[in-house]
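Subject: Structure handover

Hi,

Here is the structure I promised to pass on. Please have it open while you read, as my notes follow it element by element.

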Amino acid sequence: GEQFVPGRLLGAGGMGRVLAARDRPTGREVAIKVLNPGATSAERERFRLEARLMAKLRHRHIMPVLQVIETASTSAYVMPLVEGESLRDRLSREGALPPDEARRILKETAAALAVAHEAGIVHRDIKPENLMLEGKERRVLVMDFGIAKSTAGAQTGLTGTGMIIGTPAYMS
């Protein structure tokens with residue numbers, strides 16, 4: 001819409017793409033995850049669930065959702081634009097992490113997941129691509145709750161027994 005000035009493509013996945021943008025009223029740089037055009041009703045519902053689940057969570061190591069956008073043709077949500085890289089990019093570029101840094105990343109990730117679990121949310125897709133390392137401190141931000149499951153309240157029927165979702169190399 002008119003509120004955002006779109007910028008460069010930051011990434012793309014199975015259900016959508018993430019764009020850098022500028023919020024006109026505030027001048028703030030943001031990232032917007034937009035559902036792919038032509039998404040099925042199940043994909044649209046999963047995308048909405050992802051936005052709702054992320055918006056429920058408040059923790060320094062979980063990517064916050066600032067705004068959810070719903071129109072007749074599009075679903076999207078707005079997040080802060082993070083200066084940093086994914087753990088996958090870091091590992092690909094530099095190889096194995098020093099033990100102290102690996103421990104810190106695991107501790108920060110576990111703290112974020114503990115908050116999600118206390119809220120009744122299971123991420124189900126923890127992998128290096130879904131962990132952002134922000135700034136010089138490389139603070140962990142857990143993101144992409146696209147296949148998360150809420151254990152609280154009514155189930156949505158988006159997954160069921162025998163369905164396989166996630167990244168096989170990272171599934172337990």
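How many bridges join strand β8 (residues 131-134) to β9? Four, and the two strands run antiparallel. In β9, Arg139 is the bridge partner of Glu134.

Before going further, a word on the ground rules. This is a predicted model, in which local features need pLDDT of at least 70, side-chain atom pairs count only at pLDDT 80 or more, and totals for chains, interfaces and linings use all residues. Residues are numbered from 1 along each chain as its sequence is written, and side-chain values use heavy atoms, with hydrogens and water left out.

Strands (E, at least two residues) and helices (H or I, at least four) are DSSP runs, numbered from the N terminus. Two strands pair if DSSP finds at least two bridges between them.

The open sheet

Three strands make up an open sheet, ordered β6-β8-β9 with antiparallel pairing. Its edge strands are β6 (84-86) and β9 (139-142), each pairing on one side only. From one strand to the next, the twist averages 30°; axes here are lines fitted to C-alpha atoms, for helices over the stretch in contact, and angles run from 0 to 180 degrees between N-to-C directions. Helix α2 (residues 87-94) packs on the sheet, touching β6 and β8, and its direction makes about 85° with that of β6. Contact means heavy atoms within 4.5 Å. Helix α3 (residues 99-118) also packs on the sheet: α3 touches β8 and β9, with its direction at about 35° to that of β9.

Strand β1 (residues 4-12) runs antiparallel to β2, joined by six bridges, and Gly11 stands opposite Val18 in β2. The hairpin from β1 to β2 goes through three residues. Strand β2 (residues 16-23) has six of its eight residues buried (under 20% relative accessible area; exposed is over 50% and partly exposed in between, with a 1.4 Å probe and protein chains only). Seven bridges link β2 to the antiparallel strand β3 (residues 29-35), where Leu35 is the bridge partner of Gly16. The hairpin of β2 and β3 has five residues between the strands, and Gly27 there takes a positive phi near 75°.

With 16 residues, α1 reaches 23 Å from its first C-alpha to its last, close to the expected 22 Å (1.5 Å times one less than the number of residues). Its buried residues pack against β3, β4 (67-70), β5, β7 (121-122) and β10 (149-150).

The structure holds one aromatic pair. Phe47 and Tyr77 form this tilted pair, 5.5 Å centre to centre with 40° between the planes (ring centres of Phe, Tyr or Trp, using its six-membered ring, within 6.5 Å; planes under 30 degrees apart are stacked, over 60 edge-to-face, the rest tilted). Because Phe47 lies in helix α1 (residues 41-56) and Tyr77 in strand β5 (residues 75-80), the pair ties together parts 30 residues apart in sequence.

The cores

In the largest nonpolar core, of 32 residues, Met54, Met63, Tyr77, Met79 and Phe145 touch the most other members (a core is a set of buried Ala, Val, Leu, Ile, Met, Phe, Trp, Tyr and Cys residues joined through side-chain atoms within 4.5 Å). Helix α1 gives the largest share of this core, five residues. A second, separate core of seven residues includes Phe4, Ala21, Val30 and Ala76.

Happy browsing!
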